[in-house]
Amino acid sequence: MVLGSDLLLVGKHYQKRFSFFDDTANSLISTCPCPVMTIPENAQYSFIKRIIYASTFLLEDCDAIFQLKQWLKTFNGELICINVSKDKSQLVTAKRKMAILERLFPQEDITFRCFMSEKSLSIERYTSLNEGDLLCSMHKDRNMFQWLFQPSTSKALANKSPRPMIIFHQHMLSSKF
């Protein structure tokens with residue numbers, strides 16, 4: 001247990017094959033009471049100028065966006081919040097939620113984007129194309145069925161991303177509202 005910490009840093013190695021059991025970093029992503037920053041093996045330090053936050057534009061995202069905005073003040077960077085939808089109806093809903101977030105965060109250094117594609121591949125591709133230095137997402141609470149049959153997007157990103165990643169956990173944010 002990491003009491004009173006604002007952020008936990010953990011090294012991450014690439015898993016070459018599926019394992020029923022989580023490695024240490026994935027276990028911390030699921031259980032840690034604070035955000036977890038994974039640092040992939042072979043990662044090179046670069047000054048953080050652009051953060052990409054992959055989001056479903058939920059109410060809980062407001063606190064994560066606020067925290068990221070505070071951290072960005074240190075780096076004088078920008079935040080791009082993206083939503084990747086797999087079909088047109090999800091895209092329409094995401095655009096409605098995005099309009100609300102744009103009103104809540106009218107700052108010039110926060111940008112919101114929605115597009116339709118396959119999730120984890122598109123998020124990483126978008127981050128690379130837009131020269132993101134840090135990728136962020138929220139690990140959502142899931143029931144047993146979801147845990148068994150729907151892989152976690154945040155864990156998949158953390159396992160494959162060549163850049164550092166911050167993962168917020170939904171339970172730590174939703175309790176604040």
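Predicted model: local features only at pLDDT ≥ 70, side-chain atom pairs only at ≥ 80, totals over all residues.
Local features require pLDDT of at least 70 and side-chain atom pairs pLDDT 80 or more, while totals for chains, interfaces and linings use all residues. Residues are numbered from 1 along each chain as its sequence is written, and side-chain values use heavy atoms, without hydrogens and water.

**Nonpolar cores**
- The largest nonpolar core has 25 residues, of which I51, Y53, I65, L79, C81 and F112 touch the most other members.
- A nonpolar core is a set of buried Ala, Val, Leu, Ile, Met, Phe, Trp, Tyr and Cys residues joined through side-chain atoms within 4.5 Å; buried means under 20% relative accessible area (1.4 Å probe, protein chains only).
- Elements giving two or more residues to this core include β3 (50-54), α2 (61-75) and β4 (78-85); helices (H or I, at least four residues) and strands (E, at least two) are DSSP runs numbered from the N terminus.
- Helix α2 supplies the largest share of this core, five residues.
- A second, separate core of 19 residues includes I29, C34, V84 and L135.

**S137**
- Leaving aside neighbours within four places in sequence, S137 is in contact (heavy atoms within 4.5 Å) with Y53, A54, S154, M165, I166, I167 and F168.

**S55**
- Beyond residues up to four places away in sequence, S55 touches D61, I82 and N83.

Methods
Buried < 20%, exposed > 50% of the residue type's maximum accessible area, 1.4 Å probe, protein only.
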